[in-house]
Amino acid sequence: MTLKKIALLAGVSPSTVSKALQNSHEISDETTARVRAVAEETGYFEQRKRRRFAESKKNAPNVAILCCEIVSTYYAHAVSCLCREIEALGGTAIVALYDFDQAKLRALAKKYASMEGISGILCVPGTGDLRGLAVPCVSVLQAIPGVDSVYIDNDAALQDAIDFLVAQGRTKLAFLSETLSSRFGQAATGMLAAHGLEPAMLHISQSRFESAGMDGVETMLRQGVAVDAILAAYDEIAIGAIHALRCYGLRVPEDVFVVGINDIQSASHCTPPLSSIHCSVEEACHAGLELLTSRLNDPAVRSARQIAFQGRLILRETTCGDTAHGG
């Protein structure tokens with residue numbers, strides 16, 4: 001059904017039909033009612049609804065999300081956020097895992113970029129060289145050169161955590177990480193040096209998650225290292241460390257303060273609740289998808305854009321007992 005046909009049936013001009021369907025004040029209420037009645041009877045509104053729905057589906061982003069893993073609560077949360085946001089736009093998300101393998105990520109990115117119907121790629125996080133793909137690509141949670149990126153900058157919050165621990169008289173710090181997060185210890189060591197201190201222990205476990213934290217504490221005790229505070233590369237390591245400390249009769253926070261990173265959902269529900277550096281994952285994911293859709297809407301944008309979200313230290317009972325508060 002067209003405007004011309006409605007005009008013929010209603011006895012008015014096509015321009016009058018157009019204005020009446022937009023409820024223009026230029027058209028009398030009587031004429032508007034007559035035109036809209038004809039449009040309703042002839043199925044014009046239903047036809048327009050179907051056409052708009054088809055157009056929205058055509059323009060909706062169909063996105064490949066390439067994630068390093070979904071075993072981690074942190075990355076699983078990011079993928080879930082992105083899937084929800086893409087679905088809200090009427091699009092579809094395809095999730096594939098690259099297992100922290102740069103070559104595999106590049107191969108997957110090229111594969112999905114050439115796949116019919118894929119409008120863009122979100123990497124959680126991006127790594128290596130992801131330039132020159134056939135569709136727009138955005139790195140989420142980590143900045144990489146030459147590619148639109150949204151990342152979490154924890155440097156200031158990490159410095160805040162170290163400054164706080166030292167100010168509380170905790171100067172024998174252990175930094176616990178694992179092979180995939182080993183750079184954390186180097187960064188923390190440099191920040192601690194600003195206080196004229198060296199770490200009591202810098203442990204890089206071959207295990208992951210809670211097992212890495214338990215391994216770190218067991219190594220510390222086996223080697224007889226005196227520690228009064230533990231700073232972990234991420235929350236699961238911190239949670240494992242708390243469990244191991246308790247098993248060996250050490251109290252948190254009375255004997256050892258513990259701080260994690262990422263502020264995962266379970267951090268505030270630990271016993272005791274875990275102090276952690278909060279990362280704005282949902283906000284970063286939203287910004288990442290906005291970067292992608294803006295690139296799709298304006299392919300002429302050339303320079304890569306970088307958006308940073310600052311981490312924030314949240315103090316709970318693993319560092320200050322009954323005086324816990326949000327930072």
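The charged end of R170 sits over the ring of F257, at a distance of 3.9 Å from the ring's centre. This contact, like everything that follows, is read from a predicted model.

**Aromatic rings**

A pair of aromatic rings is described by the distance of the centres and the angle of the planes. The structure holds 4 aromatic pairs, and two of them are set out in the table below.

| Aromatic pair | Centre to centre | Angle between planes | Arrangement |
|---|---|---|---|
| F175 and F184 | 6.2 Å | 75° | edge-to-face |
| F209 and Y234 | 6.0 Å | 65° | edge-to-face |

Why does the pair of F209 and Y234 count as edge-to-face? The planes of these two rings stand at 65°, and an angle over 60 degrees is what the term edge-to-face requires. F209 lies in helix α9, which covers residues 209-222, while Y234 lies in the loop between β8 (229-232) and α10 (235-247), so the pair ties together parts that are 25 residues apart in sequence.

Elsewhere, Y74, Y75 and F100 form one aromatic cluster.

Helix α9 also holds E218, a residue that counts as partly exposed because its relative accessibility is 30%. Between E218 and I237 there are 19 residues of separation in sequence, and their C-alpha atoms are 13 Å apart in space.

**The sheet**

Six strands make up an open sheet, in the order β2-β1-β3-β4-β5-β11, and their pairing is parallel. At the edges stand β2 (92-97) and β11 (306-310), each of which pairs on one side only. From one strand to the next, the twist averages 20°.

Strand β3, residues 120-124, is mostly covered, with 5 of its 5 residues buried. In a regular strand the side chains alternate between the two faces of the sheet. In β3, G120, L122 and V124 point one way, whereas I121 and C123 point the other way, and all of them are buried.

Which strands pair with β3, and over how many bridges? Strand β1 (residues 62-67) pairs with β3 in the parallel sense over 5 bridges, and β4 pairs with β3, also in the parallel sense, over 3 bridges. I121 can be followed into both pairings: it is the bridge partner of A64, and it also stands opposite C137 in β4. Further along the sheet, strand β4 (residues 137-141) and strand β5 (residues 148-153) run parallel and are joined by 4 bridges, and L141 stands opposite Y151 in β5.

Helix α1 (residues 3-10) and helix α2 (residues 14-21) pack with their axes 8 Å apart and at an angle of about 100°. That angle makes α1 roughly perpendicular to α2, because angles from 65 to 115 degrees fall in this class. Where the two helices meet, L3, K4, I6 and A7 in α1 are in contact with P14, V17, S18 and L21 in α2.

Most residues other than glycine have a negative phi, and most peptide bonds are trans. Where does the backbone depart from this pattern? The peptide bond from V252 to P253 is cis, with omega near 15°, and P253 lies in the loop between α10 and β9 (257-262). A cis peptide bond also joins T271 and P272, where omega is about -5°; P272 lies in the loop between β9 and β10 (275-278).

D263 lies in the loop between β9 and β10, and it is buried with a relative accessible area of 15%.

Conventions:
Residues numbered from 1 in each chain as written. Predicted model: local features only at pLDDT ≥ 70, side-chain atom pairs only at ≥ 80, totals over all residues. Heavy atoms only, no water. Phe/Tyr/Trp six-rings, centres within 6.5 Å; stacked < 30°, edge-to-face > 60°. Lys NZ or Arg CZ within 6 Å of the ring centre and 35° of its normal. Pairing = 2+ DSSP bridges. Axes fitted to C-alpha atoms, helices over the stretch in contact; angles between N-to-C directions. Buried < 20%, exposed > 50% of the residue type's maximum accessible area, 1.4 Å probe, protein only. Parallel < 35°, antiparallel > 145°, perpendicular 65-115°, else oblique. Contact = heavy atoms within 4.5 Å.
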